[in-house]
Structure formats: C-alpha cells, structure tokens
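Here is a short note to go with your first look at this structure. Please keep the view open and follow the points in order.

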Amino acid sequence: MSVLVIAEAGIAYPRRLSALLDMVHLAHAAGADAIKAQWWSSPTRMAEHRGGGFDLFDAYATPLEWLQEARGMALSLGLEFMCTVYVPEDIPVIVPLVSRFKVGSAEAVSHEFIQAHRAYGQEVIVSTGAMSDGQLIALLGRFRYLVKDPIRVLHCVSGYPTPMNQVNFRVMKHYGMDGFSDHTGEVVTGALAVAHGAQIVEVHYRHPEIEPTHPDFAVSHNPGSLRRYIQNIRLAEQAAGSNKKTILESERWLREK
C-alpha cells in the first residue's frame, strides 16, 4: 500500500473561493492523494474553545459553500477531500463532505471529541503534537487496543516551524504510530518519515500569493517545494524494498561472470 500524502491547505490561501480552488489544483499537480481544509462554523465559538484568537478565526474563516465547491473539484481530479473541525457541533455538518476524519493535536487530548467523530463509522486520523507519554498511552489504550475500528495515529511536533533536531522520528516505531504530520517546512522530512515507517504523511502548503507575515508561512511549502516534497516521499517508498535479501536485477552481472 502506497503512502497516503495529505496536502494541508489549512488557512494558507487568500480569502476567496478562486484561491481555495487554486489550492486543489496545486495539490493535484504536486502528486498529493488528498487535500485537507479547516472549518469552523463560528469564529466566536472557536475563540471560546481556544481561549482567545477571535481576530485570527474571523480573518481566516472559510464559508461552508466554498468547501463544497472545493470538494467537488477535488473529486473530479481524483483527489480525496478532507476537512478538520474543532468543536463538536461542527462534526455532523462536515460528515457529508468527507470519507474520513482528521483530528488536530490541540483537540486530541479530548477522548470525548475523538469518540464524537468515531460515532459516524468513518476512519479517524489523530495528530499527537505536544502530547506527553502518558497522554499518548491513554489515547492508544482507549482507541487502538480496546475498539473494533481503531484510530490512525500520527506523530507530530507542534513547533511552528519544528527544528529538525526536535522531530524525534524514533517515537513512531516505539509507539506503533501510523504516520507523521509535518511542521518542519523542509523538503526531505516526508521521505525521512517514510524511511521510519510512516504510511501517512500530512504536509502544509501555501498559495503563491501568501506573504511571509502569514501565521502558517514558515511551515507551508510553496507549490514547487510541495512537488519536490512528494517526489522525495515516492522515492523513499521505492527505496524501502522488502525484508528479503536477494540478488537484484541491477547487480546480477556480478554473479554472472
């Protein structure tokens, strides 16, 4: 099974429908498998949930109708459409648009919020940024080993950006995680994640018009580096090979002398 590459559009595009549709095309052109948006029904509700930040949520709110348009375009291009929500009342609204859920790191410590997603019977992917050992073990204990349809778990470091010396890939195998949600902004990190066993990689990217002052600029790839990022992932998949040592076609000449 090939690695699922999720291109995270997030809020890194100008606030117009045409720019969001541009993001769909950019994800497709780069070779992603899915494009993921973010949605909140009310900036006021989000500010209450997060303890502030109304101006940010108000400035980057996306109308639900835009997501419906983006989903249609994504499906027409063969891309999966995904969308993260942050408060329980938004989950049923987004259900018709997605075939699986993604829960962000800030909400991942709420088992009730994760369970509210699981109630719809779709796959749930959960990021684990800024999560302690005890919190991660509790998450895995409840939603991986004790349920019929376990969640998929992504290693994540919620540094914006994440320094390479803090990526800490070895925890993926140690805890049996499924993949990696990347905030490094580096083109090699996805390939390194695959080399450490990731089957899912989520990566941020940005619209060409986004300025360096944008809050997600430092962790988001431009269209060219997103393409290289995904190419590196595919090379890492090819290089992984199998568990069996054998004489390969490119080296057979050495034994045929």
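**Notes on helices, strands and one histidine**

1. Helices α1 and α4 are roughly parallel to each other. Please keep in mind that this is a predicted model. The call on direction rests on an angle: the two axes cross at roughly 30°, and angles under 35 degrees count as roughly parallel. To find the pair, look for α1 at residues 17–30 and α4 at residues 64–76, whose axes come within 9 Å. The crossing of α1 and α4 is right-handed.

2. Which residues of α1 and α4 meet? From α1 come L17, L20, L21, V24 and H25, and from α4 come W66, L67, E69, A70, M73 and A74. Sorted by class, this contact holds nine nonpolar residues, one polar and one charged.

3. Next, turn to strand β1, residues 4–10, where seven of the seven residues are buried. In a regular strand the side chains alternate between the two faces of the sheet. Here L4, I6, E8 and G10 point one way from β1, while V5, A7 and A9 point the other way. Residues on both sides of β1 are buried, E8 among them.

4. What does β1 pair with? One partner is strand β8, residues 200–204, joined to β1 in the parallel sense over five bridges. On that side, E8 stands opposite H204 in β8. Another partner is strand β2, residues 34–38, which runs parallel to β1 and is joined to it by four bridges. There, I6 stands opposite A34 in β2.

5. Strand β3 covers residues 80–84, and five of its five residues are buried. On one side of β3 lie E80, M82 and T84, on the other F81 and C83, and both faces are covered.

6. Finally, have a look at H117, which sits in helix α6, residues 111–118. Is H117 buried or exposed? The relative accessible area of H117 is 1%, and buried means under 20%, so H117 counts as buried. Setting aside neighbours within four places in sequence, H117 is in contact with V85, I91, F101, V103 and V124.

How values were computed. Residues are numbered from 1 along each chain as its sequence is written. This is a predicted model: local features need pLDDT of at least 70, side-chain atom pairs count only at pLDDT 80 or more; totals for chains, interfaces and linings use all residues. Side-chain values use heavy atoms; hydrogens and water are left out. Axes are lines fitted to C-alpha atoms, for helices over the stretch in contact, and angles run from 0 to 180 degrees between N-to-C directions. Helices (H or I, at least four residues) and strands (E, at least two) are DSSP runs, numbered from the N terminus. Angles under 35 degrees count as roughly parallel, over 145 as roughly antiparallel, 65 to 115 as roughly perpendicular and the rest as oblique. A crossing is left-handed if the near helix is turned anticlockwise from the far one by less than a right angle, and right-handed if clockwise. Contact means heavy atoms within 4.5 Å. Ala, Val, Leu, Ile, Met, Phe, Trp, Tyr, Cys and Pro count as nonpolar, Asp, Glu, Lys and Arg as charged, and the others, Gly among them, as polar. Buried means under 20% relative accessible area, exposed over 50%, partly exposed in between (1.4 Å probe, protein chains only). Two strands pair if DSSP finds at least two bridges between them.
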